[in-house]
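Me: I would like to learn how to read the features of this model. Could you take me through them step by step?

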Amino acid sequence: MKLCVTRITVIAASVAVAGLANRFAGLMVNVTSSEPTGLYLRVRGEPERDGMVALRLLMKHVVAVPGDVVTVTAQGTYVNGQLFPHSAIPTTAKGYQPFPFGAYTLQPGQYWLLGTGPYSWDSRYIGPVPIDLIESSVEPVWTTGNGYAPATRP
């Protein structure tokens, strides 16, 4: 019984600390599979290419910013002519319809966002994301890095 109470106390204290850190220090916890599990720090400023953003409880990588040319193909997403790694549309897209193939120049206030998983709900399926949907930029503090993005490499 004592061990059970101790575990509950530790879990409750961890949740309380995470909540306070989020509220006062700008830390956020990601436990979704769309980006590496870990702690992230909310930072001020406009989203930048190779940076990360929080999308009202989701996090994605910013791979293209206003003025960039994004080309969507079955092989993946090209940004200014360069294929972004791991961006191919899966052949079994679980009912997701990919954004129409073609070339798009991002307009002011538009960003192209990709997650690390092949089924991540991101710009491959929804197209450019308006700045209004971006809550804040984030920087990894501690993650279970998967080597996918520069900021999350171990």
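Me: How much accessible surface does the protein chain have, and what share of it belongs to carbon and sulfur atoms?

Reply: Accessible areas come from the Shrake-Rupley method with a 1.4 Å probe, and for residues only the protein chains shown count as cover. Here the accessible surface of the protein chain is about 9000 Å², and carbon and sulfur atoms hold 62% of it. A word on the source: this is a predicted model, where local features need pLDDT of at least 70, side-chain atom pairs count only at pLDDT 80 or more, and totals for chains, interfaces and linings use all residues. Residues are numbered from 1 along each chain as its sequence is written, and side-chain values use heavy atoms, with hydrogens and water left out.

Me: Which elements does the protein chain have, and in what order do they run?

Reply: Helices (H or I, at least four residues) and strands (E, at least two) are DSSP runs, numbered from the N terminus. The protein chain has two helices and eleven strands, running α-β-β-β-β-β-β-β-β-β-α-β-β from the N terminus.

Me: Is H61 buried or exposed?

Reply: Buried means under 20% relative accessible area, exposed over 50%, and partly exposed in between (1.4 Å probe, protein chains only). H61, in strand β4 (residues 58-64), is buried, with a relative accessible area of 3%. In the protein chain, buried residues make up 37% of the 154 residues.

Me: Which residues form the largest nonpolar core?

Reply: A nonpolar core is a set of buried Ala, Val, Leu, Ile, Met, Phe, Trp, Tyr and Cys residues joined through side-chain atoms within 4.5 Å. The largest one has ten residues: V63, A64, V70, V72, V79, F84, F99, L106, W112 and L114. At least two residues of this core come from each of β4, β5 (69-73) and β9. Another core, of eight residues, lies apart from it and includes L55, V62, V65 and Y111.

Me: With which residues is D122 in contact, beyond its neighbours within four places in sequence?

Reply: Contact means heavy atoms within 4.5 Å. Those partners of D122 are K60, L113, L114, G115 and G127. D122 sits in the loop between β9 (110-114) and α2 (123-126), and counts as buried at 1% relative accessibility. A polar atom of its side chain lies 2.9 Å from the backbone nitrogen of G115.

Me: Where is V141, and is V141 buried or partly exposed?

Reply: V141 belongs to strand β11 (residues 136-143) and is partly exposed, with a relative accessible area of 49%.

Definitions and conventions. A polar contact is a pair of N or O atoms within 3.5 Å; within protein, one must be able to donate a hydrogen and the other to accept it, and residues adjacent in sequence count only if both atoms are side-chain atoms.
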